[in-house]
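Here is a quick tour of the model you have open. We'll go from charges to overall build, and then stop at a couple of side chains worth a look on screen.

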Amino acid sequence: MQELKEQIKEKFAQGRYDELEQLIKANEKDEINDNDIVTLRYLFPVYKQEKAAGKQTLFEKAGSMERLLERYTKLRFYLRRIDFDLMDGGMETFYAYVSENGISIFELVAAVRYSVVHKDKVLRLIGGNL
């Protein structure tokens with residue numbers, strides 16, 4: 001598993017993002033036990049959507065697997081707090097995070113899909129200011 005992660009990190013460092021999907025698929029059985037790689041697998045369709053739309057991709061924005069995972073973890077944290085009405089200081093912090101990190105609508109929808117219980121509620125609450 002560590003070898004696979006090293007290969008993924010190398011492809012990130014070289015900007016060879018298109019090769020990540022094949023690498024992950026080739027190691028599909030091994031990745032099931034690794035949350036980081038499973039998360040990367042879930043985010044790959046977002047990369048493809050952003051690329052097809054001619055936008056800077058989340059992989060490019062992150063620059064490394066570690067930064068990608070940090071970014072996604074923090075986004076999920078905010079979305080879960082919104083989901084359970086725990087945004088103490090209002091939504092400004094969330095919107096600032098989205099803006100400062102260039103979170104695309106593709107990334108945001110994927111995070112909602114995989115991270116929250118009350119999807120419609122969260123989309124309604126965040127949708128007004130995006």
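## Charges

For the charge count, Lys and Arg are taken as positive and Asp and Glu as negative, while His and the chain ends are left out. Each charge is placed at NZ of Lys, CZ of Arg, CG of Asp or CD of Glu. On that basis the chain carries 21 positive and 22 negative side chains, and the centres of the two sets sit 3 Å apart.

## Where the numbers come from

This is a predicted model, so local features need pLDDT of at least 70 and side-chain atom pairs count only at pLDDT 80 or more, while totals for chains, interfaces and linings use all residues. Residues are numbered from 1 along each chain as its sequence is written, and side-chain values use heavy atoms, with hydrogens and water left out.

## Overall build

The chain has 9 helices and 0 strands (DSSP runs numbered from the N terminus: H or I of at least four residues for helices, E of at least two for strands). With a radius of gyration of 15 Å, close to the 14 Å from the globule rule for 130 residues, the chain is as compact as a globular protein of that length. That radius is taken over C-alpha atoms, and the rule is 2.2 Å times the number of residues to the power 0.38. Along its principal axes, the C-alpha trace spans about 40 × 30 × 20 Å.

Buried residues account for 42% of the 130, where buried means under 20% relative accessible area, exposed over 50%, and partly exposed in between (1.4 Å probe, protein chains only). Take the contacts (heavy atoms within 4.5 Å) between residues at least 6 apart in sequence: 61% of them join residues at least 24 apart.

## Around Ser-104

Ser-104 sits in the loop between helix 7 (92-100) and helix 8 (105-115). It counts as buried because its relative accessibility is 14%. Its side chain makes a polar contact with the side chain of Glu-50 at 2.4 Å; a polar contact is a pair of N or O atoms within 3.5 Å, and within protein one must be able to donate a hydrogen and the other to accept it, with residues adjacent in sequence counting only if both atoms are side-chain atoms.

A polar atom of the Ser-104 side chain also lies 3.1 Å from the backbone nitrogen of Glu-107. Setting aside neighbours within four places in sequence, Ser-104 touches Glu-50 and Lys-61.

## Around Lys-121

Lys-121 belongs to helix 9 (residues 119-127). A polar atom of its side chain lies 2.6 Å from the backbone oxygen of Asp-83. Beyond its neighbours within four places in sequence, Lys-121 is in contact with Ile-82, Asp-83, Phe-84 and Asp-85.
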